[in-house]
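Here is a short briefing to read alongside the model. Please keep the 3D view open as you go through the topics below.

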Amino acid sequence: MSWDVVVWGGGTGGCAAAVQSARTGASTLLLTPGHWLGGMLSAAGVSAPDGHELSCWQTGLWGALIRDLQPRVPEGLDQNWVSCFGFRPDQAEAVLQEWVAAEELLTWWPGTTLLDVGRRADRIDALTVRYADESISLTPEIVVDGSDLGDLMARAEVPFRWGWEPRECWNEPSAPPRQQLSSDPFFRRQPVQSPTWVAMGQLTEARLPVQPLVEPQEPFRGCLETFGLERTLTYGRLPGGLVMLNWPKQGNDWHIDLGRCISPDPKEKDDLAVAMRRHSRAFLDTLRACSGGALEAGSAFPGPSPELALMPYWREGRRLVGDAVVTECDLLPVAAGRRGPLPLDASGRCTSIAVGTYANDHHYPGEDWPLAPKSCRWGGRWTGTPFCVPLAALVSRSAPNLLMADKAFSVSHMANGATRLQPLMLNLGQAAGLAAALSIRRATVPAELPVEAVQHALLEDPVAPAAVLPLWEWPSWHPDWAQAQRRGLCHPDAVDEQGNLHPAQVSDLSRPQPDGAPCPGPARRFKGRLFHGPDGALRLSCGQGDQTLITLEPAVNQRLMAMRDAEPVELIAAENPWGPWLRVIQVLDASS
């Protein structure tokens, strides 16, 4: 059976790659081991995505997902304090399945097992899978690995990395030196970041006890010390009072024998899954006891254990040895700026095909690993410095018809802490799917594609145009957004350290206005006086008392930061009682 493109894996990026490949004109087959799509976003239950919260980053399939979710969540996506977006796993799954079903060129086989991968010279020329109790041989032109752990890549014997790299390898400031890496047993015990098997709770009461009714015991002793009971439970609150339990601080992260996740022995993988599920169920039971039953087991997934996700949240697995590698140095802000370095080829051309924004965040047992800071204050809160992923990080010369579409792309262990999140994986998968379809159209392999062809196709996509440059000034909804991106690609030296274009490049473009943002979700007017706090914090003093302000809109941020202390202001904002904050959408004339 022949398809232009075959995508293996039900990860977030794999689903995105399959949809985009079909939309771009390639006959595409999506193979998933489970019966849900979406990986982290749905099947793994991580439905409070981190990063890409600002409107200038809400582009591509990530922006499309947020827009498609909004009418399905009438109470709004402001549901918790870890993210500006909260939705139930089944709500995301419904959107993704509708995307897949809408594409005539896309076929989806759920419940598939990957049996073998065949190679002829350096090309992957055959896949053998089991589907509907049949063994089927496939002959794709382009293969996309959209799995969390890089399963197809490993079966094809494509070179990959696993574990830590020493500081001497890429001069990453947060990486351990070679001598420490070789002598400290911690690095052998903890080769990759700890995964989590997400559990779902359900809040049964509007108010939670101020103090835990019982103290948590080992291995969860200390899980409430940093934030207390209420903040710990509302961290991942979702619509309807569902609670995502994905807690790193003496919570349900799993740290033991992680090498089993890539073991060739199915029993080792099964044993790991059983242990992780038991650990997360015990954590849920602990919080139930601490809350006196104000938190009960939730119901979010099909099957006999609806409180447990359908798959683990893998933060890290195998990582491709690609034509380029994204390292920690590619994440960190240039000079005193607000963006990472632009990836440039020998001719000075920018090769970025996706933008990431998340702060570098690593999960291990014990004390937090010291990481070089990459966040900045913006819009009244901390946000991640944006960085770029080049096309060459998705391909390898050792298998030129293979593309990576999820977190197993070519990235260092240290940088994986910022690249592994749902929004970037959606847009990285979108770029991989588009590159696969363009390779078919041009009768070439992905590594030989002109990067500008991929970049301009992303910017001009009729359904979900995607950003390729970290430009702060133009939100995704602005009519001149794509033109600003094109100007930056033509003149990468005109993108300053703050992520703004030189005025000469944008003199003919209109600027977004602070009263012109769209108003998704429930919002209302607030009136009071604005005050600036330390380190960029914003506060509104009004009849309801003081309210913390944040915004995701560039023009709104600029207007608020330019205002004087105690200046009267009228706002349209969405209220998030779990932040707690007001997310400012528009700034109105105080006299209106």
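This is a predicted model: local features need pLDDT of at least 70, side-chain atom pairs count only at pLDDT 80 or more; totals for chains, interfaces and linings use all residues.

Helices (H or I, at least four residues) and strands (E, at least two) are DSSP runs, numbered from the N terminus. Residues are numbered from 1 along each chain as its sequence is written, and side-chain values use heavy atoms, with hydrogens and water left out.

**Backbone geometry**

- Most residues other than glycine have a negative phi, and most peptide bonds are trans.
- The peptide bond from Glu-218 to Pro-219 is cis, with omega near 10°.
- A cis peptide bond also runs from Gly-579 to Pro-580, where omega is near -15°; Pro-580 sits in the loop between β21 (567–576) and β22 (581–588).
- Ala-132, a residue other than glycine, has a positive phi near 50°, and its place is in the loop between β5 and β6.

**The sheet β4-β5-β6**

- Two strands pair if DSSP finds at least two bridges between them.
- Three strands in the order β4-β5-β6 make up an open sheet with antiparallel pairing.
- Its edge strands, each pairing on one side only, are β4 (113–120) and β6 (134–138).
- From one strand to the next, the twist averages 20°; axes here are lines fitted to C-alpha atoms (for helices over the stretch in contact), and angles run from 0 to 180 degrees between N-to-C directions.
- Strand β5 (residues 123–131) is joined to β4 by seven bridges, and the two run antiparallel.
- Opposite Val-117 stands Leu-127 in β5.

**The sheet β10-β9-β11**

- Another open sheet has three strands in the order β10-β9-β11, with antiparallel pairing.
- Here β10 and β11 (295–297) are the edge strands, each pairing on one side only.
- The twist averages 40° from one strand to the next.
- Three bridges link β9 (residues 199–203) with β11, and these strands run antiparallel.
- Gln-202 has Glu-296 in β11 as its bridge partner.

**Charges**

- A salt bridge is a side-chain nitrogen of Lys or Arg within 4 Å of a carboxyl oxygen of Asp or Glu, and by this rule the count comes to 30.
- One of them pairs Arg-23 with Glu-103, whose closest N and O atoms are 3.2 Å apart.
- Arg-23 lies in helix α1 (residues 12–23) and Glu-103 in the loop between α3 (89–102) and β3 (106–109), so this pair ties together parts that are 80 residues apart in sequence.
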